[in-house]
Amino acid sequence: MPTIKRLFIANRGEIALRIIRTARALGIETVLGVSQADRDSLGAKLATRAVVLGPAPSKDSYLRVGTIVEAARGTGCDALHPGYGFLSENRDLAQACADEGLIFIGPTPDNLTAVGDKLTARSHALAAGVPVVPGGTVETAEDASALAETIGFPLLIKAVAGGGGKGMKRVDDAASLPAQLDLAMAEAEAAFGDARVYLERFVTVGRHVEVQILSDGATFLHAGERDCSVQRRYQKLVEEAPAHHLPGALRQGLLEAAVRYARHIGYRSLGTVEFLVDVPRGEFYFLEMNARVQVEHPVTEAITGLDLIALQIAVAEGQTLPLTQDQIRLTGHAIECRLNAEDPTRDFRPSPGRVTQAWFPPVTGLRVDTHMQPGAMIPPYYDSLVAKLITWGATRDEAIARMLTALDVCVLEGVTTNAPLHRAILTDPAFRAGGVDTNYLGALLPTLGVPT
Amino acid sequence: MAELTRADIDEILKLVDGSDFDELKLEMGDLKLELRRRGASAPAAAPAPAPAPVAKPAEAVAAPIVASGGGSEIPAPLLGTFWHAPRPGAAPFVRPGDVVQADTIVGIIEVMKLMNSVPAGIAGTVLEITAPNGELVEHGQTLLRIQPA
């Protein structure tokens, strides 16, 4: 059983620090590969060693598979952690690590292929008996009527060759189906030279709920679910665990489906199965599987007491999972707010720059994952996440109250952040009632005077 | 207006280096500063070819030159393993005391079996080969120092 001695971290920002934290706890040395823009970052200082991969743009540094593997080998590392984003789900990196004898802290290259594109992932879901959004391809108006019966209304017509909304139509009732179908097929033909379309159920009120999976390739466990419905243009802003007001049977079905999916593809690592919960119908559909550690993993850690990165490393080393499903107990409630250096009043424009003050004192129940410190530079090249505030409470109300305290107490000055938006969400009656859907934030913003 | 110090210029160089700009012109009162990234007007180097089992003729990679006290420091244009000689056992490309031209090859940087040749970038006399043979060099790490002609 290989034991990792020196770990290469192919990432930046708060997740680099999160990995360094666990590595230090495990007595593993770290080498952080940084771009030129990040050579003075906190991670570069805290890692055992930092090496400059290349210039600031990601494509010249954080996205270079060959450079990263060369850097890992050249610094004597025996393993590589890709974090999230960048190359974390890149099959070529996982394969290059395998070829060079480096332990990739993530799933196998085959796992990455299985979840890599939506169609393959969807076909695996069907084979595993995991529900997907009902739909199918149609060629004639008769086909469409028959299929629409089983799908129900409203539904979406999408071009098979599609993208960019061309050939996409929403149909609210059976009467308008034939005319909309003709339009969609004509648009698809004109736009893509391919008139084929498919019908798909349109979920009017949906929640984004995802399940944390842990697997060593033989044992498949879940660590509960997370609700990430508070999002804007598919960017998650506030996450929580467990998902509030989720019917018990639905929740159980979702957890079991996620485990079934992971088992079906022989998944081996930390991963997340994402679902769309159709609130009016009380059903759920598979969206995709993320084969990496998630940004929002701390809410799961907060209610389980697990160190997910440590488990991810243990599995990559070839160890068997040191726990059973019964030993994963969910206690209390946790919320995460993503503090971004962006200005919600200016169309969420990023606000890079130098941080003049950063203070995140130990408020009860608060955990802060951040790479900020006074004088830290937020470069304009990467995403705008600067800190994750995670609060835990015995109840959801307590977790929210603690988050409001944290937002009042913590200081991050020098750049504009979305902290005021978090305060507005946490004091909003609909959010406090719980169980909001993915339309929630888009509808809340105009009431705050924020242009959307 | 305050004078531009050496440290200020170093800071400006760093900013330009980390940016997408190839050229900077700065005027402060009587002072005019013009910085141009080496090879800014020249076409960019062709992308590296696919890996092959045998090392092929190496491609030149442009490196920015940073001036310093003891000659000019020639930085690594990319991260990789630095080789002093074209193959193990062969004579090194250059030795201290050698006179080089801007296009003289001074070493090879290997990235995943791809060989990238490193030109001196300036004409002058080699003072010292700073980076050890066969070891990893970071992007921007000093490879050697050259006394400009």
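**Close-up views of paired strands in chain A**

**View 1. Strands β15 and β22 of chain A pair side by side.** Strand β15 (residues 333-340) and β22(A) run antiparallel, joined by eight bridges. Strands are DSSP runs (E, at least two residues; helices are H or I, at least four), numbered from the N terminus. Two strands pair if DSSP finds at least two bridges between them. A:His333 sits opposite A:Gly393 in β22(A). A:Ala334 has A:Trp392 as its bridge partner there. This is a predicted model: local features need pLDDT of at least 70, side-chain atom pairs count only at pLDDT 80 or more, and totals for chains, interfaces and linings use all residues. Residues are numbered from 1 along each chain as its sequence is written, with chains lettered from A and ligands numbered from 1 in the order in which they are written.

**View 2. β15(A) is covered on both faces.** Eight of its eight residues are buried, so β15(A) is largely enclosed by the rest of the structure. Buried means 20 or more other C-beta atoms within 10 Å of a residue's own (exposed: 12 or fewer; partly exposed: in between), with C-beta atoms placed from the backbone. In a regular strand, side chains alternate between the two faces of the sheet. One side of β15(A) holds A:His333, A:Ile335, A:Cys337 and A:Leu339. The other holds A:Ala334, A:Glu336, A:Arg338 and A:Asn340.

**View 3. β12(A) also pairs with β15(A).** Strand β12 (residues 235-241) is antiparallel to β15(A), over four bridges. A:Glu239 faces A:Glu336 across this pairing.

**View 4. β20(A) pairs with β22(A).** Strand β20 (residues 366-370) runs antiparallel to β22(A), with five bridges. A:Thr370 stands across from A:Ala387. In β22 (residues 385-393), eight of nine residues are buried.
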